[in-house]
Amino acid sequence: MLTKKSVIGVIGTGVMGKSMTLNLQKAGYSINLYTRTKEKAQDLLENGAQWKGSVAQLAETSDVIITMVGYPSDVESVYFGEDGIIENARPGTYIVDMTTSKPALAIYISQKAAEKNIHVLDAPVSGGDVGARNGTLAIMAGGEQHVFDEVSPIFHVLGENIILQGKAGAGQHTKLVNQIAIASNMIGVCEAIAYAKKSGLDPSRVLDSITTGAAGSFSLSKLAPRMLAYDFDPGFYVKHFIKDMTIALESAQEMGLSTPGLSLSLELYKELAEKGENDSGTQALIKLFQ
């Protein structure tokens with residue numbers, strides 16, 4: 001059974017992972033850390049986290065392991081192989097992959113972990129850097145109910161809207177649904193701002209009117225003001241959104257589902273990336289409309 005004395009190992013402390021780990025520290029959990037660039041985790045280490053020199057060392061000494069890395073290939077590299085999580089975690093360990101990744105990969109991890117008596121959830125999140133800092137993330141989980149129940153106290157440190165969506169892979173499918181909804185919405189937000197400017201309106205004043213009405217969305221209320229302020233720092237990287245949309249499009253095609261809005265958004269974001277905006281926040285899409 002997990003308690004406040006359980007040690008949480010975290011792999012990946014980027015824009016999202018660092019804030020999530022800090023919230024776990026504030027809640028009183030002991031943290032083990034491993035990330036490819038130790039310097040990026042320095043403030044967490046100064047706050048009491050224990051550095052581990054490899055994935056294997058972290059897996060061997062943690063009761064819960066949370067991974068928040070970039071791409072499905074990164075997930076595969078930390079979970080599999082002689083030095084990976086599956087080979088080195090102790091039986092009874094709880095593993096939570098919060099990366100947005102492929103549903104099929106989540107199912108495969110679950111199957112391999114079960115052979116070692118390791119408990120697994122796929123639990124990607126939504127809410128961006130703001131949600132990570134404030135502990136208000138939406139967490140979409142896939143896995144067994146008893147595992148979800150055991151890990152729930154940790155989830156409640158990180159987020160507010162926490163739902164078990166089904167068996168292994170269901171969390172990833174739900175996150176892809178989320179990204180599909182955002183994809184077309186981001187185009188709409190950019191077109192709306194472009195229209196407001198072109199018609200001579202004050203875009204900020206327009207946002208005051210429309211963010212609380214039927215047009216309201218996270219992108220409109222949180223990202224549109226950043227667009228107007230020319231603040232393109234990443235709450236969520238363009239390159240990672242392209243990754244998510246690519247996975248979503250491939251999954252939709254495998255199911256024989258047409259997603260023209262998703263296809264258009266992916267095309268526009270790839271164009272944006274080609275202009276050097278890979279490491280900008282997703283709100284940089286407005287640059288294509290100016």
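Before the first stop, a rule for angles: under 35 degrees counts as roughly parallel, over 145 as roughly antiparallel, 65 to 115 as roughly perpendicular, and the rest as oblique. You are looking at a predicted model, where local features need pLDDT of at least 70 and side-chain atom pairs count only at pLDDT 80 or more, while totals for chains, interfaces and linings use all residues. Residues are numbered from 1 along each chain as its sequence is written, and side-chain values use heavy atoms, with hydrogens and water left out.

**Stop 1: H12 and H13**

Select helix H12 (238–254) and helix H13 (residues 260–277). Helices (H or I, at least four residues) and strands (E, at least two) are DSSP runs, numbered from the N terminus. The H12 and H13 axes are 10 Å apart, at an angle of about 150°, so the two helices are roughly antiparallel. Axes here are lines fitted to C-alpha atoms, for helices over the stretch in contact, and angles run from 0 to 180 degrees between N-to-C directions. The H12/H13 crossing is left-handed (the near helix is turned anticlockwise from the far one by less than a right angle; clockwise would be right-handed).

Now show side chains. On H12, the contact residues include Phe241, Met245 and Leu249, and on H13 they include Leu266, Tyr269 and Ala273; contact means heavy atoms within 4.5 Å. The residues of this contact divide into 11 nonpolar, 3 polar and 2 charged. In this scheme Ala, Val, Leu, Ile, Met, Phe, Trp, Tyr, Cys and Pro count as nonpolar, Asp, Glu, Lys and Arg as charged, and the others, Gly among them, as polar.

**Stop 2: H1 and H8**

Next, pick H1 (15–26) and H8 (residues 145–158). Their axes come within 9 Å and cross at roughly 115°, so H1 and H8 are roughly perpendicular. This crossing is right-handed. Met20, Asn23 and Leu24 of H1 meet Ile154, Val157 and Leu158 of H8, a contact with 5 nonpolar residues, 1 polar and no charged.

**Stop 3: the largest pocket**

Select Met16, Val69, Phe236, Tyr237 and His240, which lie nearest the centre of the largest pocket; its lining has 49 residues. On a 1 Å grid over the protein atoms alone, a pocket is an open set of points with protein on both sides within 12 Å along at least five of seven lines, a cavity is a set where a 1.4 Å probe fits but cannot get out, and lining residues have an atom within 4 Å of a point. The pocket's volume is about 1200 Å³, a volume being the space filled by probe spheres set on the points, which are joined across faces, edges and corners.

Which helix supplies the largest share of that lining? H9 does, with 5 residues. By class, the lining has 19 nonpolar, 22 polar and 8 charged residues.

**Stop 4: the cavities**

There are 2 cavities of 30 Å³ or more. For the largest, of about 70 Å³, select residues including Tyr79, Asp97, Asp122 and Ala168. Helix H6 (103–114), strand S6 (119–122) and strand S8 (137–143) each give two or more residues to its lining.
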